[in-house]
Protein chains: 2
Amino acid sequence: MDDINIRYLAKELNLSISTVSKALKDSYEISIETKKRVVARAKELNYQPNPYASSLRRKKSNTVAVVVPEVADSFFSAALKGIEDIAQTKGYHVLIYLTYESYLQEKEILEKFQNGRVDGLLVSVSSETTNIEHIRALYNNIPIVFFDRAVEDMEAARVTTNDFESGFIATKHLIDCGCSNIVYLSISKHLAINNKRIAGFEKALSDNDMNFNDSNVINCSNDLTDNEKLISQLMKREDGPDAIIAGVEKLITPVYSVCNDLKINIPSQLKVVCFSNLSVAHILNPALTTVTQPAFEMGKIAAQLLFKKIEKKGSAIENESIVLPSALIIRESTNCGNSNKT
Amino acid sequence: MDDINIRYLAKELNLSISTVSKALKDSYEISIETKKRVVARAKELNYQPNPYASSLRRKKSNTVAVVVPEVADSFFSAALKGIEDIAQTKGYHVLIYLTYESYLQEKEILEKFQNGRVDGLLVSVSSETTNIEHIRALYNNIPIVFFDRAVEDMEAARVTTNDFESGFIATKHLIDCGCSNIVYLSISKHLAINNKRIAGFEKALSDNDMNFNDSNVINCSNDLTDNEKLISQLMKREDGPDAIIAGVEKLITPVYSVCNDLKINIPSQLKVVCFSNLSVAHILNPALTTVTQPAFEMGKIAAQLLFKKIEKKGSAIENESIVLPSALIIRESTNCGNSNKT
C-alpha cells in the first residue's frame with residue numbers, strides 16, 4: 001500500500017500495478033493495445049507520474065542538502081567541494097541552500113525539509129541564529145551533521161576546527177611580534193566558533209599579562225561600507241591598534257582598503273591576521289597571514305559522518321564530534337623581522 | 001482528479017476529500033471520532049502526506065533552481081545573490097546545483113527536473129557542454145533562462161555581457177600600453193562567451209596589424225597545478241608574452257604565483273588583465289586590472305526574466321536576450337605610464 005497513485009490507476013483499469021507501470025514506461029513486455037488504454041486513462045485522470053513517489057516508497061530522495069550562510073567565502077566553497085566529492089561516490093545529489101546569515105531564511109529553509117525532501121542535512125548556522133527550535137524539530141526525522149558553525153547545546157554530530165587554539169596561536173604570534181594593542185574583528189556574538197576564537201585570544205592576552213576588555217573586540221556587520229566606516233574610525237583613534245585579527249574573510253577587504261586610504265603601512269604600522277582560506281592570500285599586497293581551516297577535508301568528513309547516519313538509519317549512532325586543526329600560515333602582513341614561526 | 005492519493009483514502013473511508021484533508025490537519029470542524037477513523041485508516045494504508053502533492057496540484061514548487069559550474073568564483077557568488085534578492089521578493093526558494101564544469105554532472109542534474117521538481121531554471125552551462133539535448137529536453141516543460149554562459153544555438157531567454165567588446169577593449173588597452181605579444185588564457189573551447197572574448201581579442205589585434213594565430217590562445221584546465229606548469233612553460237619561452245589576458249578568475253593565482261617564482265615583474269615585464277569580479281582585485285600585489293561583469297545585476301535580471309516566464313506560463317513570451325556591459329577597470333597590473341584610460 002505504498003503507492004496509491006498508480007494503484008488507483010491500476011484499479012480503474014483492472015490491471016496489475018506492475019502492468020500499468022511497465023505500460024507507462026513503454027515496456028516491450030506490454031501489448032500496444034494495453035499501452036494505449038493505460039496512457040489514455042492516465043491522461044483522462046490527469047495522472048502525474050510523481051517524481052517523488054519512488055523516493056517516498058524507498059524513503060529516499062538520494063539527495064542531501066547543505067545549508068550555509070554564503071558561498072562568497074572560500075571556506076564554504078572549498079567545504080562544498082569536499083561534500084560533493086563524497087556525495088558523488090555515494091550516488092547522491094547535493095542541494096545547496098544559502099541563508100545569507102539570516103535566521104529567518106534558515107528557519108524557512110529547514111521547515112521545507114520536514115516531510116523528507118532530503119535524506120540528510122549538513123548545516124553551518126547563520127550568524128543570527130540563537131533560537132534553534134527549527135533545527136531541533138528536524139533532528140528526529142532527518143540525519144543532521146553540523147560543520148564549522150555548530151550549535152553548542154544540541155546533541156548532533158559535528159566537524160569543527162580547534163577554534164580556541166587557533167585564536168590563541170594567532171594572538172601569541174602577534175604578541176611575539178611585539179604587538180601590544182590587538183583588536184579582534186568579529187561578525188557575531190552568537191556563533192560558538194567566534195566566541196571560542198575570542199576566548200583563545202583572551203587567554204593569550206592574559207597569559208602575557210595583557211588586559212582584555214570590551215574594546216578589544218569590535219563587532220562588524222555583513223555590510224562592506226559599514227565595516228569600512230567602523231574600521232576607519234578604529235584606525236583613526238589615538239589609541240588605535242597595532243594589530244588586527246579578522247575573524248572572517250570578508251573583513252580583509254575593508255581592513256586593507258582603509259589602511260590604503262589612511263596610508264597606514266601593513267605590517268610596519270599594523271599587523272594583520274585573518275581567519276581565511278583565500279587562495280589569493282599569498283598574492284595580496286602585502287601577502288596575508290592567515291589561520292587556514294582544512295575546509296575541503298572538513299566537508300569530506302562531515303559528508304562521511306552524514307552518510308554513516310543515513311545508511312544506518314534506525315540504529316543508534318554515536319554523535320561524533322571531530323575537531324580538525326587549523327594552520328597559522330605566516331606571511332608578510334605580520335612580518336616582524338624575526339624568524340619566530342610559531 | 002488532481003490528487004488521487006487523498007482521493008483514494010477518502011473513497012476507502014467513504015468520506016469527502018475535504019473531510020479527510022481537514023481530519024488529517026486536526027481541524028476543529030471534524031468530530032473526534034471521524035478524525036480517529038481517518039488517522040487509523042491512513043496509518044493502515046501507510047498513507048504519506050506527500051510534501052509535493054499540493055505543489056503538483058498547483059503545478060508549483062515555489063522553488064527555482066540555479067545550475068552553475070562553481071561558486072568559488074566571485075562572478076557566480078555575486079550573481080547568486082542577485083537571483084536570491086528577486087526570488088525572496090517573489091516568495092520563492094532558490095536551490096543551487098553545482099556542476100563543477102562537468103557535462104555529465106550537469107546532465108544528471110537536469111534530468112531530475114523532468115517531472116516538475118522546480119518551477120524554473122537558471123543555467124550557466126559547464127565548460128564541457130557541447131551536446132545540449134539535456135537542456136532542450138526540459139525546454140517545453142520548465143521555463144529556462146540562461147545567464148552568463150548561454151547556449152548559442154538554442155532559443156531561450158538569456159542575460160549575458162558584451163563579451164566580444166570586452167575582449168576587444170581589454171586587448172586594445174594592452175596594445176595602447178605598448179604590448180606586442182599578447183596571450184589569452186582560455187579554459188574552454190566550447191563556451192560561447194569565451195569564444196566571443198577571443199574573437200574580440202583577435203579583432204583588436206588585426207585592427208592594429210598584429211598577427212593572430214593558435215599560439216595566441218593557451219587552453220588551460222580546471223587544475224591549479226597543471227595551470228601553473230603551463231603558464232611557467234609559457235613564461236620561460238624565449239618568445240614569451242609581454243601581456244596576458246586571463247579569461248577566468250581562477251587563472252589569476254597561477255599567473256601571479258609563476259611571476260613571483262620566476263621574478264617576473266608585473267607590470268614592467270608582463271601586463272595582466274583578468275575577467276574577474278574579485279573583491280580583492282584592488283589589494284592584490286600589484287592591484288589587478290579587471291574586466292568586471294555586472295554580476296549582481298545579471299543575476300537579478302535573469303531571475304526577473306524567469307519569473308516573468310513562470311507567471312505567464314502557457315502564453316507565449318518572447319525569448320528576450322539582454323546584454324549588459326562589462327567594465328574595464330584599470331589598475332597597477334597594466335600600468336603603462338600613460339594616462340590612457342580606455
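Tyr184(A) stands opposite Ile245(A), a residue of strand E8(A). This pair belongs to a predicted model. E8(A) covers residues 243–246, and its pairing with E6(A) is parallel, with four bridges.

E6(A) also pairs with strand E7(A), residues 217–219. That pairing is parallel too, over three bridges. Ser186(A) has Asn219(A) in E7(A) as its bridge partner. Between E6(A) and E7(A) the chain passes through helix H9(A), residues 192–207. This β-α-β crossover is right-handed.

## Two faces of E6, both covered

E6(A) spans residues 182–186, and five of its five residues are buried. In a regular strand, side chains alternate between the two faces of the sheet. Ile182(A), Tyr184(A) and Ser186(A) point one way from E6(A). Val183(A) and Leu185(A) point the other way. Buried residues are found in both sets.

## Helix H8

Helix H8(A) runs over residues 163–176. Its 14 residues should span 20 Å at 1.5 Å a residue.

How many of the 14 residues of H8(A) are buried? Ten are, so the helix is largely enclosed by the rest of the structure. The buried residues include the run Ser166(A), Gly167(A), Phe168(A), Ile169(A), Ala170(A), Thr171(A), Lys172(A), His173(A) and Leu174(A). Asp163(A) is buried as well. An α-helix has 3.6 residues a turn, so residues three or four places apart point the same way. After H8(A) comes Gly178(A), with a positive phi near 95°.

## Domains

Chain A divides into three parts. Domain 1 covers 4–56. Domain 2 is made of 61–161 and 295–324. Domain 3 is made of 163–292 and 328–334. The centres of domain 1 and domain 2 of chain A, taken over C-alpha atoms, lie 37 Å apart.

## The chain as a whole

Chain A holds twelve helices and twelve strands. Its C-alpha trace spans about 90 × 40 × 35 Å along the principal axes. What is the radius of gyration of chain A? The value is 26 Å, whereas a compact globule of 342 residues would have one near 20 Å.

Buried residues account for 47% of the 342 residues. Among contacts in chain A with a separation of 6 or more, 73% join residues 24 or more positions apart.

Conventions
Residues are numbered from 1 along each chain as its sequence is written. Chains are lettered from A and ligands numbered from 1 in the order in which they are written. This is a predicted model: local features need pLDDT of at least 70, side-chain atom pairs count only at pLDDT 80 or more; totals for chains, interfaces and linings use all residues. Domain bounds come from an automatic or database domain assignment. The expected span of a helix is 1.5 Å times one less than its number of residues. A residue is buried if 20 or more other C-beta atoms lie within 10 Å of its own, exposed if 12 or fewer, and partly exposed in between; C-beta atoms are placed from the backbone. Two strands pair if DSSP finds at least two bridges between them. A crossover is right-handed if, with the strands pointing away from the viewer, the path from the first strand over the helix to the second runs clockwise. The radius of gyration is taken over C-alpha atoms; the globule rule is 2.2 Å times the number of residues to the power 0.38. Two residues are in contact if their C-beta atoms, placed from the backbone, lie within 7 Å.
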